[in-house]
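Hi,

Here is the structure I promised to send over. Have a look at it first, and then read on for what turned up.

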Amino acid sequence: MSTQLVNRSPDLKRLRDEGYDIEVLQSGHLVVRHIPYVSAEGVVLRGTFVTPLKMAGQRTAPPDDHTVWFAGEFPCHADRSPMDQINAGATQQVAGEIVTQFVFSTKPASGAYADNHLKISRYADLLTHAARAIDPTATPKVFRPIPADQDDGPFHYYDTASSRAGITEVGRKLELGKVAIVGLGGTGSYVLDLIAKTPIREIHLFDGDTFSQHNAFRSPGAPSLEELDGEPTKVGYFATIYSKMHRGIIPHPAYVTGDNLEQLDGMEFVFLCVDKGAIKRVIVEALEARGIPFIDVGMGISLVADQGLRGQLRVTTSTPEMRQHVWESERIPFEDPPGGNDYGLNIQIADMNALNAALAVARWKRLRGFYIDHEREHFSTYKITLNGMGNEDQL
Amino acid sequence: MSKPEKDDDHGRDKEFDIIINAQPFTVQGDEITYQQIFDLANDGSWNADTSLTITYSRGHGNKPEGTLAKGGSVKLKKGMIFDVDPTGKS
């Protein structure tokens, strides 16, 4: 179905976002399925409305006809008496593969329906009201999943969350062509979980690691024992999951090194989520040379005997407008953190990985203008014990 | 007979009770430097090359919160809280 026609037509968009099961046929007919109604036997059945659409260029125009066609048995009130007041004849109509048996007619007080949402919902309400007397859960708003056209955005199914909230247009500020996540550890995997739900066209994942049992406890989702046994690469494991929703997840099962930096060419933004410091310096220099904006994240958590855990999360932002703080104020650690991945010395907790990732993604969204930005900080810290954020290097 | 204490503390350094990484310390002087915080917080796993993020909170009114850079210092206040961590894990 043409998602573009629906998106351009406020009445069709509203029907879809409210959960009606709509389809627009090639012939220009609007089909609305799953309309609950009461049959002559007093049983709740589901029928289909069909109506020709009047068009004004690429979007719908107000309907010039207040009637609607119906495929199903003739609907009744809850007491099984037929709804004679809307009966406009048992005239068969054909639309594509659908054959309708009845025509209904009821005019609104104004004399004409101003749009297809008013028209369809009026008829749907009439039939559903009777059905609800028998089955209180009956509704035409079924929210059937709607696949998106191949050439209509990066998702397999349309982002109706943004549509229902009215933020699709501001969401277009996030429509970058290519974004990279370097490092799919705890924080990188949560970054992926969040940006896979934005309309970035391609999301490139770089990591040479295998996904192990301990990684499951600081990643989004919940793998099965069988999935862990498969010893997937981190990028392969996450690409499989997020490709269910997003068409452009591209795994690269190897570390970014000084020898393959050309992989970063053409990236419009990079999330740096790696532990190793030395490679960070190489990557940061490469990103600066290519004029690519990026965010580097990192955390440090320690266990205090007899008390509990404490620590900090860090988000460092670097863009062509602001680079020098990274070097002059040492805002990115360029040597390996103490302890590496040694047992007992690498404390990362899922909620802190998620928070660090969410802070990084929200910062990127402020850079893009999706969120308003009053702070324009390029270095921020979150202190766990204080539940406090600190911002520095404001532009 | 000893003189009553005066507000100006000629010849006596002030002492401040502060918290560094959830541990209490009593430190002397008006200010504390990056290096002093480093030394107090270091349990032996850090050396001169270790990159640390040092932040403070509950400091003095005009800038009660901030980050300490290498070579920097901040005015002490009773009850100040310092967080000192390498922030490289992802």
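Which element gives the most to the lining of the largest pocket? That would be H4(A), with four residues. Before going further, please keep in mind that this is a predicted model.

The largest pocket has a volume of about 910 Å³, and 31 residues line it. Nearest its centre lie A:Tyr158, A:Thr168, A:Arg172, A:Glu175 and A:Pro199. Sorted by class, the lining of the largest pocket holds eleven nonpolar, ten polar and ten charged residues.

The second largest pocket comes in at about 620 Å³. It is lined by 28 residues, and the ones closest to its centre come from both chains: A:Ser302 and A:Leu303 on one side of the list, B:Asp43, B:Ser45 and B:Trp46 on the other. The elements giving two or more residues here are strand S14 (294–304) of chain A plus, from chain B, strand S2 (23–28), helix H1 (34–41) and strand S7 (81–85). S14(A) supplies the largest share of that lining, six residues. By class, the second largest pocket is lined by 16 nonpolar, eight polar and four charged residues.

Chain B has one helix and seven strands, in the order β-β-β-α-β-β-β-β from the N terminus on. Of its 90 residues, 42% count as buried. If you take the contacts in chain B between residues at least 6 apart in sequence, 51% of them join residues at least 24 apart. The accessible surface of chain B is about 5500 Å², with 47% of it belonging to carbon and sulfur atoms.

Now for the interface. 37 residues of chain A are in contact with 27 residues of chain B. The size of an interface is often given as the accessible area lost when the parts come together. For chain A and chain B, the area buried between them is about 2400 Å², 46% of it on carbon and sulfur atoms. Three residues to look at here are A:Arg310, A:Gln312 and A:Leu386, which supply 22% of the area that chain A buries against chain B, more than any other three residues.

A:Val274 sits in the loop between strand S13 (269–272) and helix H9 (277–289) of chain A. Is this residue buried or exposed? A:Val274 counts as buried because its relative accessibility is 13%, and buried means under 20%. Leaving aside residues up to four places away in sequence, A:Val274 touches A:Val182, A:Gly183 and A:Lys280, and also B:Gly88 and B:Ser90 of chain B. A:Leu367, by contrast, is 93 residues away from A:Val274 in sequence and 22 Å away in space, C-alpha to C-alpha.

**And one helix: H8 of chain A**

Helix H8 covers residues 234–242 of chain A, and its buried residues are A:Lys234, A:Val235, A:Tyr237, A:Phe238, A:Ala239 and A:Tyr242. What do the buried residues of H8(A) pack against? Their partners, also in chain A, are helix H6 (186–195), strand S11 (202–206), helix H7 (225–229) and strand S12 (249–252).

Cheers

Notes: Residues are numbered from 1 along each chain as its sequence is written. Chains are lettered from A and ligands numbered from 1 in the order in which they are written. This is a predicted model: local features need pLDDT of at least 70, side-chain atom pairs count only at pLDDT 80 or more; totals for chains, interfaces and linings use all residues. Side-chain values use heavy atoms; hydrogens and water are left out. On a 1 Å grid over the protein atoms alone, a cavity is a set of points where a 1.4 Å probe fits but cannot get out, and a pocket is an open set with protein on both sides within 12 Å along at least five of seven lines; lining residues have an atom within 4 Å of a point. Grid points are joined across faces, edges and corners, and a volume is the space filled by probe spheres set on the points. Ala, Val, Leu, Ile, Met, Phe, Trp, Tyr, Cys and Pro count as nonpolar, Asp, Glu, Lys and Arg as charged, and the others, Gly among them, as polar. Buried means under 20% relative accessible area, exposed over 50%, partly exposed in between (1.4 Å probe, protein chains only). Contact means heavy atoms within 4.5 Å. Accessible areas come from the Shrake-Rupley method with a 1.4 Å probe; for residues, only the protein chains shown count as cover. Buried area is the accessible area (1.4 Å probe) that two parts lose on being put together, summed over both.
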